Amino acid sequence: MSAVAPWIARQRDALLAQRGHAWLLQGPSGLGQFALAMELVRAWLCDAPTAHGACGQCTSCHAIDVHAHTDLCVLMPETHMLALGWPLSEKAQADIDDKKRKPSQEIRVDAMRDAVEFTQRTSGRGRGKAVLVFPAEQMNAITANALLKTLEEPPGDVRFVLATEAAHQLLPTIRSRCLAHTLQWPADAEAGAWLAEQGVPQEQIAGLVQASGGRPDDALARHAAGQSPAVWKRLPRELAQGQAGALAGLAPPQVVDALQKLCHDLLMLRIGAAPRFFDAADLPAAPGLAALTRWAQALRQSMKTADHPFNQGLMLEALVAQAHSVLRSRR
């Protein structure tokens, strides 16, 4: 399987050819922000880097692979860190193990202060240090402000890469201190070829890419989670009938995301545009703009609380009932 998608490799090579101590990688989800950020820090810290990134064989590359590089600080929400196998600080891990608190879904200010202290220490391997922040929009204002001075005047040979799916949520003072790079969309054929290399069956690729809005990372994640394109195609008609079979087994944020995509495509139909996530033939007749707009607003609000420990069955029932009501409303 290909370790680095070709469109990520092209962007890595272009960024490595430029100078700058802080990069802000921005763009919609599913385009490889974290993968590109990792490619940059691997090359920066590699013992034998090339114009095409890290060598992949040296001690530095191995240390990054096992999440133990002394000159790399990765800042993510604790939920992300645990899911991806990155170690937490001893205190944070002890607090979670002792059930004093749950893993944070934000980048905590304590972790940022540790990162600032990390930048002030001497490099352990003599090739400088790197700080990776992802997703950067998960810094609250206090956490972001703790980074500002160090980001503007980094001590020694320290470089930063911030990756975000919502650059507009970052403080303007954070954005102004970074060189911005907008993630590039791969061509459909290129994304399809890469997904095939990752083991996605050829007959599923087009459906997964469509359901993901053309974002290959999201398409691969759907395949890994067992989300069938055939089930996705049934979703609009099932919801119009008040059924929830196509949403069974999805976590609440995934349910809300699916409903948001359906609402988006119905809005597109209502204004005479082409749908993006579904085939037009799979969609029911579009309700009126007012009903769809109210539904979109309600779904945005639901997404804010989708990770809360509600009764998932009751939440799913409420969301399906809401969708059914909208889809049956008079146009």
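Reader: Where is His67 found?

Author: His67 is in the loop between helix H3 (59–65) and E2. Helices (H or I, at least four residues) and strands (E, at least two) are DSSP runs, numbered from the N terminus. This is a predicted model, so local features need pLDDT of at least 70 and side-chain atom pairs count only at pLDDT 80 or more, while totals for chains, interfaces and linings use all residues. Residues are numbered from 1 along each chain as its sequence is written, and side-chain values use heavy atoms, with hydrogens and water left out.

Reader: What is the phi of His67?

Author: Positive, about 60°, although His67 is not a glycine.

Reader: How does His67 count for accessibility?

Author: Partly exposed, at 21% relative accessibility. The cut-offs: buried is under 20% relative accessible area, exposed is over 50%, and partly exposed is in between (1.4 Å probe, protein chains only).

Reader: And Lys99, what about its phi?

Author: Lys99 has a positive phi of about 60°, and it is not a glycine. Lys99 lies in the loop between H5 and H6. At 72% relative accessibility, Lys99 counts as exposed.

Reader: Which residues does the cis peptide bond at Pro135 join?

Author: Phe134 and Pro135, with omega about -20°. Pro135 has its place in the loop between E3 and H7.

Reader: Switching to rings. How many aromatic pairs are there?

Author: The count comes to three aromatic pairs. The rule: rings of Phe, Tyr and Trp (its six-membered ring) pair if their centres lie within 6.5 Å; planes under 30 degrees apart are stacked, over 60 edge-to-face, and the rest tilted.

Reader: Why is the pair of Phe34 and Phe134 tilted?

Author: The ring centres of Phe34 and Phe134 are 5.4 Å apart and the planes are at 40°, so the pair is tilted.

Reader: Which parts does that pair tie together?

Author: Phe34 lies in helix H2 (residues 33–45), and Phe134 in the loop between strand E3 (129–133) and helix H7 (141–152), so the pair ties together parts that are 100 residues apart in sequence.

Reader: Is Phe134 buried or exposed?

Author: Buried, at 10% relative accessibility.

Reader: What about Trp232 and Phe278?

Author: Their ring centres are 4.5 Å apart and their planes are at 5°, so the pair is stacked. Trp232 is in helix H12 (residues 229–240), and Phe278 is in the loop between helix H13 (252–270) and helix H14 (289–304), 46 residues apart. Both Trp232 and Phe278 are buried.

Reader: Which residue lies over the face of Trp232?

Author: Arg222, at 4.5 Å from the ring centre. A charge sits over a ring if NZ of Lys or CZ of Arg is within 6 Å of the ring centre and within 35 degrees of the ring normal. Lys129 lies over the face of Phe118, at 4.1 Å from the ring centre.

Reader: On to strands. How many residues of E4 are buried?

Author: Six of its seven, so strand E4 (residues 158–164) is mostly covered.

Reader: In which sense do E1 and E4 pair?

Author: Strand E1 (residues 22–26) and E4 pair in the parallel sense, over five bridges. For strands to pair, DSSP must find at least two bridges between them. Ala22 stands opposite Phe160 in E4.

Reader: And E3 with E4?

Author: Also parallel, over five bridges. Val133 stands opposite Leu162 in E4.

Reader: What unit do E3, H7 and E4 make?

Author: A right-handed β-α-β unit. Right-handed means that, with the strands pointing away from the viewer, the path from the first strand over the helix to the second runs clockwise.

Reader: Pockets next. How much space lies in the second largest pocket?

Author: About 650 Å³. A pocket is an open set of points on a 1 Å grid over the protein atoms alone, where a 1.4 Å probe fits, with protein on both sides within 12 Å along at least five of seven lines. Points are joined across faces, edges and corners, and the volume is the space filled by probe spheres set on them.

Reader: How many residues line it?

Author: The second largest pocket is lined by 29 residues, with Val74, Met81, Pro87, Leu88 and Ser89 nearest its centre. Lining residues have an atom within 4 Å of a point.

Reader: Which element gives the most to that lining?

Author: H6, with five residues. Strand E2 (72–75), helix H4 (78–84), helix H5 (90–97) and helix H6 (109–119) each supply at least two.
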